[in-house]
Amino acid sequence: MPVITYREALNQALREEMARDDRVFLMGEEVGVYNGAYKVSKGLLEEFGEMRVVDTPITELGFAGVGVGAAMVGLRPIVEFMTWNFALLAIDQIVNAAAKMLYMSGGQYPMPMVFRGPNGAALQLSAQHSQAFESWLAHIPGLKVVVPGTPYDAKGLLKSAIRDDNPVIMLEGEMLYNTKGEVPEEDYLVPIGKADLKREGSDCSIITSGKMVLVAMNAADKLAQDGIHIDVVDLRTVRPMDVEAITASVKKTNRAVVLEEGWEIAGIGAQVVDYIQRDCFDHLDAPVIRVHQADTPMPYAKGLERAAKPDLGKTIAAVRKVMYLD
Amino acid sequence: MAAKKKSDKTGLPGDPELRRELLHSMLLQRRFEEKVGEAYALGKIGGFCHLYIGQEAVSTGVLSMLRADDYVITTYRDHGQALARGMSARAIMAELFGRVDGCSRGKGGSMHLFDRNLNFLGGHGIVGGHVPVAAGVGFAIKYRGGDQVIICFMGESVVNTGAFHEALNMAALWKLPCIFIIENNKYGMGTAVERAAAIADLSRRADAYDGMAGEHVDGQDVFAVRDAMERTLDLARRESQPHLLEIRTYRYMGHSMSDAVSGTYRTKAELDEYLKRDPINLLKARMMDAGDLSDEDVAKMEQEVKAVVQDAWDFADASPEPSPEALYEDVLVDTTS
């Protein structure tokens with residue numbers, strides 16, 4: 001199976017789906033002539049032309065709304081945000097328009113569209129460019145929210161998102177674009193709403209998604225050297241969440257660490273813990289521990305940034321704590 | 001109703017049938033809204049409810065010029081436009097009553113009237129939010145190579161939002177067949193336009209965008225509105241030229257049901273002055289002066305309209321409330337393409 005980058009996997013998904021359905025088009029800042037701020041849309045302008053690969057002005061609220069209008073009348077827009085930080089300018093279109101149109105029209109206007117782009121912190125981009133928005137978006141009924149952590153999942157989930165007749169949010173990882181993995185050449189889909197057990201183990205579950213999947217896998221490798229075997233549940237979708245996969249894992253291991261990139265208060269992990277306490281109360285051998293970003297804006301200085309982010313060390317420490325090893 | 005303008009012996013634009021249709025459309029909106037006020041007072045209608053009384057020549061003038069395959073999107077003050085587009089009084093009233101036979105199955109209410117069969121893309125509740133959506137519909141028309149247009153109604157307070165400018169910029173940049181209609185009723189809730197916009201002639205906002213025509217029109221004269229639309233539509237269809245039409249009108253009621261008719265922000269004297277230019281009375285007077293309409297005709301039309309509105313009330317009142325299961329319906333669709 002070919003090994004390609006997360007970026008190339010997304011590019012393949014876009015190309016295949018645009019070739020498959022001429023209602024699908026991509027719009028956003030620098031997606032065309034520049035080939036994408038992160039080169040995800042490389043070569044697409046040449047292949048599909050400027051009506052289907054649309055360079056927009058820097059006007060997030062405006063072009064997100066253009067996507068909403070186009071979806072209302074039967075096109076299938078993919079709206080790329082250069083980063084999700086900029087999408088805050090467009091939140092009215094995502095929350096008030098895309099997510100509610102079907103409901104408030106009594107079922108008359110489905111919104112077959114995708115909002116996608118990099119989410120979360122990269123390196124030393126400081127406060128305004130380093131935010132993880134999973135919980136913001138997952139809070140909204142009427143949206144689906146996918147958070148792929150590997151090239152395979154990125155391609156399969158983007159293809160599913162484009163074919164879905166609902167508004168789908170895709171949170172990509174800026175730090176994931178260069179990561180590599182096996183991706184089949186043939187057409188395949190990763191279903192929205194299905195978690196993936198990325199690694200099996202019987203001692204403790206780590207429930208996570210997106211960029212933190214890599215952290216969880218590294219933690220599992222390290223812990224295995226000490227004879228601790230981790231079940232790594234990659235949620236892949238945070239709305240709707242695969243509750244069954246979470247509870248199946250916790251009922252097996254009886255211990256859980258919930259790892260997320262964003263902040264603690266009202267974070268995605270809080271929801272995961274709620275599912276665990278509801279369905280696994282009698283199975284737990286220890287309180288669940290959450291690993292997350294420090295409750296501060298992201299600092300610039302390297303050392304402070306490191307201290308703010310969830311990472312391998314914090315994850316390992318959390319596992320050892322729920323196992324009463326420290 | 002989109003018949004070409006022509007003159008007959010009365011000297012009035014259009015033909016007798018068209019003129020009656022225009023008057024009928026405006027009168028229906030007026031009596032409908034009066035009935036809505038009554039129903040609101042009785043608690044049949046809840047929530048926010050914004051009446052259209054005084055602005056009927058705008059909706060009728062604009063929408064009487066459209067084709068069935070054109071698109072319309074509007075704000076939360078949407079009852080008049082829904083009626084003028086041809087939505088049934090029954091479906092609208094049932095929506096206001098929160099019943100299953102409402103145009104949005106009781107899920108939207110007064111501010112969110114939708115009708116897919118009429119390409120009526122909804123009333124929208126966030127000031128300015130629907131203007132980029134209109135640009136998106138224009139984009140889709142162009143994407144498919146169609147010759148439809150999208151009409152985007154908005155209140156005058158929208159012209160100060162970022163969404164408005166972002167949308168107009170793209171509509172002009174990409175030459176989208178969008179007709180943006182500012183219904184300038186002089187007040188954004190209780191704030192007079194001159195206290196909110198740093199420009200007196202709102203149609204001049206179009207000057208900021210090459211390739212966008214701006215024009216202002218008397219919104220109490222249905223024929224003037226139709227004339228402006230005729231010029232505008234042709235260019236939008238043939239040349240895909242976007243337009244900004246400022247239609248100057250006046251609302252005779254408060255901003256919403258919780259706002260007194262004259263309120264703290266305008267005087268009774270001002271209201272009385274504008275009542276002299278009631279769009280329905282103006283049209284009636286012109287038709288009567290020209291011998292095109294008799295007192296009997298008016299009485300008959302009033303009777304007809306009254307019956308339609310009463311029927312809408314009765315229908316809405318008899319329509320069931322949505323079932324408890326409806327709560328979770330239409331959050332998502334379970335289809336893929």
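**Entry 1: chain A and its domains**

Into which domains is chain A divided? I looked this up to get started, and I found domain 1 (3-182) and domain 2 (196-322). The bounds come from an automatic or database domain assignment.

A note to myself before going on: residues are numbered from 1 along each chain as its sequence is written, while chains are lettered from A and ligands numbered from 1 in the order in which they are written. This is a predicted model, where local features need pLDDT of at least 70 and side-chain atom pairs count only at pLDDT 80 or more, while totals for chains, interfaces and linings use all residues.

Next I checked how the domains of chain A sit together. Taken over C-alpha atoms, the centres of domain 1 and domain 2 of chain A are separated by 26 Å. Their contact takes 24 residues from domain 1 of chain A and 25 residues from domain 2 of chain A; two residues are in contact if their C-beta atoms, placed from the backbone, lie within 7 Å. On the domain 1 side, the elements of chain A that give two or more residues are α6 (134-138), β6 (144-146), α7 (151-163) and β7 (167-173). I noted that helices (H or I, at least four residues) and strands (E, at least two) are DSSP runs, numbered from the N terminus. That side of domain 1 of chain A divides into 13 nonpolar, eight polar and three charged residues. Here Ala, Val, Leu, Ile, Met, Phe, Trp, Tyr, Cys and Pro count as nonpolar, Asp, Glu, Lys and Arg as charged, and the others, Gly among them, as polar.

**Entry 2: a sheet in chain A**

I then followed an open sheet of seven strands in chain A, with the order β3-β2-β4-β5-β7-β6-β12 and mixed pairing. Two strands pair if DSSP finds at least two bridges between them.

Strand β2 (residues 24-28) of chain A pairs with β3(A) in the parallel sense over three bridges. M27(A) has V54(A) in β3(A) as its bridge partner.

**Entry 3: where the chains meet**

How many residues of chain A are in contact with chain B? I read off 36 residues of chain A, facing 35 residues of chain B. On the chain A side, α3 (60-72), α4 (91-98) and α5 (101-104) give two or more residues. The largest share, nine residues, comes from α3(A). This side of chain A holds 17 nonpolar, 14 polar and five charged residues. For the complex, the predictor gives an ipTM of 0.97 and a pTM of 0.97.

Is helix α4 (residues 89-96) of chain B mostly covered or mostly open? I found α4(B) mostly covered, with seven of its eight residues buried, among them I92(B) and M93(B). A residue is buried if 20 or more other C-beta atoms lie within 10 Å of its own, exposed if 12 or fewer, and partly exposed in between, with C-beta atoms placed from the backbone. The cover includes α1 (16-41), α3 (79-85) and α10 (295-318) of chain B.

My last stop was L282(B), in helix α9 (residues 279-289) of chain B. L282(B) is partly exposed because 18 other C-beta atoms lie within 10 Å.
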